[in-house]
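I opened this model to look up how the ligand is held. The entries below follow the order in which I checked the contacts and their surroundings.

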Amino acid sequence: MAEWDYEVFWKETLKQIRQDLGEEEFSVWFNTLDYIRADENSVSIAVPSSFYRDQIKLRYQNHIEMTLRGLTGKDLSVLFEVIPRKMTEPGPVPGEAAEKTAPDSPKNGSGLAPAPQKPEKKARHHQLREDYTFDNYVIGENNNFAANAAIAISRNPGTAYNPYLIYGGVGLGKTHLMQAIGNYIHASSDNKIIYITAENFLNEFLQALKENKMNVFKNKFRYTDVLLIDDIHFFQEKVQVQEELFHTFNTLLDAKKQLAFTCDRPVSELKKISERLMSRFEQCLKVDLQPPKYETRCAILKTAIEGQEIQVPGEVIDLIGKNVSTNVRDLISALNKLIAYTRLMGQPITVEITQQLLRDVFASPRQANMSLDHIQRVVAEYFSLSPNDLKGKKRTQNIVFPRQLSMYIAREITEYSTTEIGQAFIRDHTTVMHACKNIEERIRSDPTLESTIETLKRMIKEYSAKS
Ligand code: ADP
Ligand code: MG
């Protein structure tokens with residue numbers, strides 16, 4: 001209802017808060033908020049995740065409500081709704097930058113009319129993938145801090161969050177996020193940016209050594225404004241290049257240049273890295289990426305099909321989102337497999353085809369992987385224990401029984417071997433076999449146990465579908 005349209009007030013509230021907090025803090029927390037609606041007593045605002053909701057409530061709810069009250073003269077409460085979404089470009093910068101032409105662009109200064117459809121754009125950065133932008137990056141609670149810090153960095157490289165390090169398992173979006181930083185800075189400034197994998201950094205280093213061109217190598221990496229090095233775990237055991245990186249690191253940081261790294265594990269778990277380079281990595285703002293939850297997985301799938309001439313029913317998105325939970329790379333490749341197959345066969349995408357075609361993907365132990373952890377959580381909670389109790393050493397009956405039950409259920413509903421299940425409980429396979437036997441005997445003597453097991457299985461499935 002127009003009567004309760006407070007959007008203008010919301011915008012003004014944001015303006016004031018931006019002044020109160022300063023650009024940097026504002027951009028971390030407020031760029032992802034969207035006005036939804038209002039009624040007599042409240043204004044509803046979309047936040048990308050429950051992490052955001054909780055943090056903003058904790059830090060800023062009062063501030064927001066006071067500001068809004070000052071503007072409207074009404075006692076409105078502000079409600080936050082979690083709506084995972086595609087990240088919008090932070091601010092007007094890239095659009096403006098599109099007007100500029102890179103110095104090395106072939107058309108620069110030629111006076112030629114811009115290309116017919118698009119205004120002339122700055123040439124892409126040759127080391128960066130054009131599609132790895134913030135615009136294509138979906139945020140959810142698994143990655144919102146990492147993404148927003150990346151945005152803050154992109155806006156003011158070399159100031160906030162420097163040096164920066166993103167870590168997390170394979171396929172979770174580390175490279176995408178790093179390159180998005182590069183693309184954004186490239187589009188919005190004349191800063192010199194180098195993106196390189198650790199492996200190529202090493203290769204160039206060795207080449208320079210061989211050709212006696214260390215000076216060229218040093219100058220290349222020490223006279224850049226932004227240095228992005230991907231997959232630094234690769235530097236483990238590579239002593240000589242670590243030394244070089246250490247000096248590069250210091251030179252750039254002294255000159256207030258932006259450094260960012262990615263790594264497939266927490267820095268503390270890196271091995272064979274020199275102590276002083278290690279202390280530099282430790283000095284970074286370290287942010288981890290987690291596998292996305294179900295809602296975010298669906299949002300990622302929807303983003304991936306945007307702009308493609310393809311109809312993917314909502315149920316299919318849902319089905320893939322529910323069943324592929326390991327990482328974003330698996331998620332996208334499941335979708336691509338489906339699209340490629342149906343295109344080839346000239347068939348529409350349906351739930352049946354998806355189930356058939358992705359049967360192996362859905363049932364793969366890697367997907368079930370998540371559920372060992374889920375099983376432990378759900379069973380532990382059911383018996384008022386913690387998952388660590390199940391993995392721990394205690395042998396009291398109140399823990400041994402739930403532990404054995406978890407192993408039994410794991411055997412029933414996943415494709416894991418007894419060895420793999422054992423590992424999840426920090427035990428060997430004979431313990432798992434013994435547990436299964438024990439539970440089977442108990443079921444025979446206590447028929448009610450069967451229904452407890454069914455209940456637990458259902459709870460685990462529900463839990464897995466939600467997470
Ligand atoms: P990593 O470097 O962590 O192994 P990548 O950055 O290569 O992972 O990501 C794997 C794939 O998943 C890429 O195609 C990337 O674009 C996509 N991807 C990862 N995270 C997201 C996200 N949050 N939103 C959209 N696509 C994503
Ligand atoms: Mg990567």
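I looked first at polar contacts, meaning pairs of N or O atoms within 3.5 Å. An N or O atom in the side chain of asparagine 143 lies 3.3 Å from a nitrogen atom of ligand 1. For threonine 175, a side-chain N or O atom is 2.8 Å from an oxygen atom of ligand 1. Glycine 171 uses a backbone N or O atom, 2.7 Å from an oxygen atom of ligand 1.

I then looked up the cover: ligand 1 taken alone exposes 560 Å², and the protein buries 89% of that (Shrake-Rupley method, 1.4 Å probe).

I noted the provenance: this is a predicted model, in which local features need pLDDT of at least 70, side-chain atom pairs count only at pLDDT 80 or more, and totals for chains, interfaces and linings use all residues. Residues are numbered from 1 along each chain as its sequence is written, chains are lettered from A and ligands numbered from 1 in the order in which they are written, and side-chain values use heavy atoms, with hydrogens and water left out.

I next listed the shell. Of the 17 residues around ligand 1, Val138, Gly171, Lys174, Thr175 and His176 come nearest (near: a heavy atom within 4 Å).

I finally checked the domains, whose bounds come from an automatic or database assignment. Ligand 1 lies between domain 2 (144–288) and domain 3 (294–368), because both give residues to its shell.

Note on methods:
Polar contact = N/O pair within 3.5 Å; in protein donor to acceptor, adjacent residues only side chain to side chain.
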